[in-house]
Amino acid sequence: CASRRRRGRPPPRPPPPPHKLTAEAAAAGVRLSADDSCANAAAVHAALGLPVVKGYAVFELRDRPGVFAAARRHWNAAAASGAWVDLTPRAEELASMVLVESELVAHGSGGADPPADTAAAPPPPAAAAAAAAAA
């Protein structure tokens, strides 16, 4: 009896639970918009003092794993641990996101100029170590 291989798509992944910073932002009076990650990150910075990470987001489609939507300007908050946290509510059809940090966005070339008082997030530890070694 010959066996047959069947390749099916895995079931869509459920959305991730909200990050604890979402509740902290809400308690501080921040209203998060699904349409404007940049305003969200700036508001979280103003309310909680968290640095802002600026770049472009690439989204995976929930119903088509391995298929990615076009990149768009997107900002995240940097938690005290240094982890980048996306507090922007995500559309139902988007499963996961990768943020690509970009100097173009940080300097206003990738969209609207950032608010003057948003602090830049510290570089990842590997980048900081490489910069220190080169000095």
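Mentor: Gladly: H2 and S2 each supply at least two residues of the lining of the largest cavity. Helices (H or I, at least four residues) and strands (E, at least two) are DSSP runs, numbered from the N terminus. This is a predicted model, where local features need pLDDT of at least 70, side-chain atom pairs count only at pLDDT 80 or more, and totals for chains, interfaces and linings use all residues. Residues are numbered from 1 along each chain as its sequence is written, and side-chain values use heavy atoms, with hydrogens and water left out.

Trainee: What makes Lys54 a charge that sits over the ring of Trp75?

Mentor: The rule asks for NZ of Lys or CZ of Arg within 6 Å of the ring centre and within 35 degrees of the ring normal. The charged end of Lys54 is 5.0 Å from the centre of the Trp75 ring, so Lys54 counts as sitting over Trp75.

Trainee: Why are strand S1 and strand S2 called paired?

Mentor: Pairing takes at least two bridges found by DSSP. S1 (residues 52-61) and S2 (residues 72-78) are joined by 6 bridges, so they pair, and they run antiparallel. Val52 stands opposite Ala77 in S2.

Trainee: Which strands are at the edges of the sheet?

Mentor: The open, antiparallel sheet has 4 strands in the order S3-S2-S1-S4. Strand S3 (84-85) and strand S4 (94-101) are the edge strands, as each pairs on one side only.
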